[in-house]
Structures are given as C-alpha cells and as structure tokens.
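Please look through the sequence and the model before reading on.

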Amino acid sequence: MAVKIRLARHGSKKRPYYRVVVADSRTRRDGRPIEEVGRYNPMTTPKTISLDLEKIADWQSKGAQLTDAVAALVKAANEGEKAAAAPKKSKKQLAKEAEEAARKAEEEAAAAAETTEE
C-alpha cells in the first residue's frame, strides 16, 4: 500500500483550512485518513502551522511519501520560520510612499542647488 502524507481540505467555500493527514494514495483527497498529523490554516495572519514532526518522521521511516505542499510546510516548521511573509501593501500605500520619496528627492535636489549657488 502506497502511503502519502498530504493535505485534506476542510472549511467552507473560499475559507479553507487543511489537515495534514497520512492516507493511502488511492483514496480521495478528503477521504478517511489513516491518521491526522497536523493542521495548516492559510487564512490567519500569520499563517498557522501546527505539525507533529515526530509522527511525520515516524511515518516517513515506515515509507510514507510527503507531497510537495506538506514538504514545504515541514521545511518551514523545521526552520522555525514564520510561514507568512510581510503583509502586502495596497496600491494606495505604494503610491503614497512613491510620492513621499519623490518629494524628498526634490527637496534634497533643491537644497543641493542652493548650496552650489552660494
């Protein structure tokens, strides 16, 4: 029996959270798992990753294969990194910062021009 450690999707429409499960590779995505070894919620800020790394290592020693998504989660959990990057800035915020930078550059150029005239 080919066993995989993969994500099972739960939650409502457009509000997913995932359970990290050990399941036979032939079963459906949300089918009955052999064991649940963690949870992942991408909707929170920062993203919530809670994995039982000992169980995952135990299942890997028994021959279970990690999917790409679960491998990325395990790597993030092992490195102790936060799964969430810095929140993205809105277009308005980026435009405001660009205007401020341009204004500062103009002021510096004007100040430099005044010192060279004297």
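## Terms and source

Contact means that heavy atoms lie within 4.5 Å of each other. This is a predicted model, in which local features need pLDDT of at least 70 and side-chain atom pairs count only at pLDDT 80 or more, while totals for chains, interfaces and linings use all residues. Residues are numbered from 1 along each chain as its sequence is written, and side-chain values use heavy atoms, with hydrogens and water left out.

Helices (H or I, at least four residues) and strands (E, at least two) are DSSP runs numbered from the N terminus, and two strands are said to pair if DSSP finds at least two bridges between them.

Five strands form an open sheet in the order 4-3-2-1-5, and their pairing is mixed. Strand 4 (48-51) and strand 5 (65-66) stand at the edges with a single partner strand each, so one side of each has no neighbour in the sheet.

Strand 1 and strand 2 are antiparallel and share ten bridges; among the residues involved, isoleucine 5 has valine 22 in strand 2 as its bridge partner. The hairpin of these strands has two residues between them, and lysine 14 takes a positive phi near 65° there. Strand 2 also pairs with strand 3 in the antiparallel sense, over five bridges, and here valine 22 is partnered by glutamate 35 in strand 3. Strand 1 and strand 5, by contrast, run parallel and are joined by two bridges, with glutamine 65 in strand 5 as the bridge partner of lysine 4.

Helix 1 lies across strands 1, 2, 3, 4 and 5, running at about 130° to strand 3 (axes are lines fitted to C-alpha atoms, for helices over the stretch in contact, and angles run from 0 to 180 degrees between N-to-C directions).

A nonpolar core is a set of buried Ala, Val, Leu, Ile, Met, Phe, Trp, Tyr and Cys residues joined through side-chain atoms within 4.5 Å. The largest such core has 14 residues, and those with the most contacts inside it are Ile5, Val20, Val37 and Trp59. Strand 1 (3-12), strand 2 (15-24), strand 3 (35-41), helix 1 (53-61) and helix 2 (68-79) each give two or more residues to this core. Apart from residues up to four places away in sequence, valine 37 touches Ile5, Val20, Val21, Val22, Leu51, Asp52, Lys55, Ile56 and Trp59.

## Histidine 10

Beyond its neighbours within four places in sequence, histidine 10 is in contact with Arg15, Pro16, Tyr17 and Arg19.

Terms used:
Buried means under 20% relative accessible area, exposed over 50%, partly exposed in between (1.4 Å probe, protein chains only).
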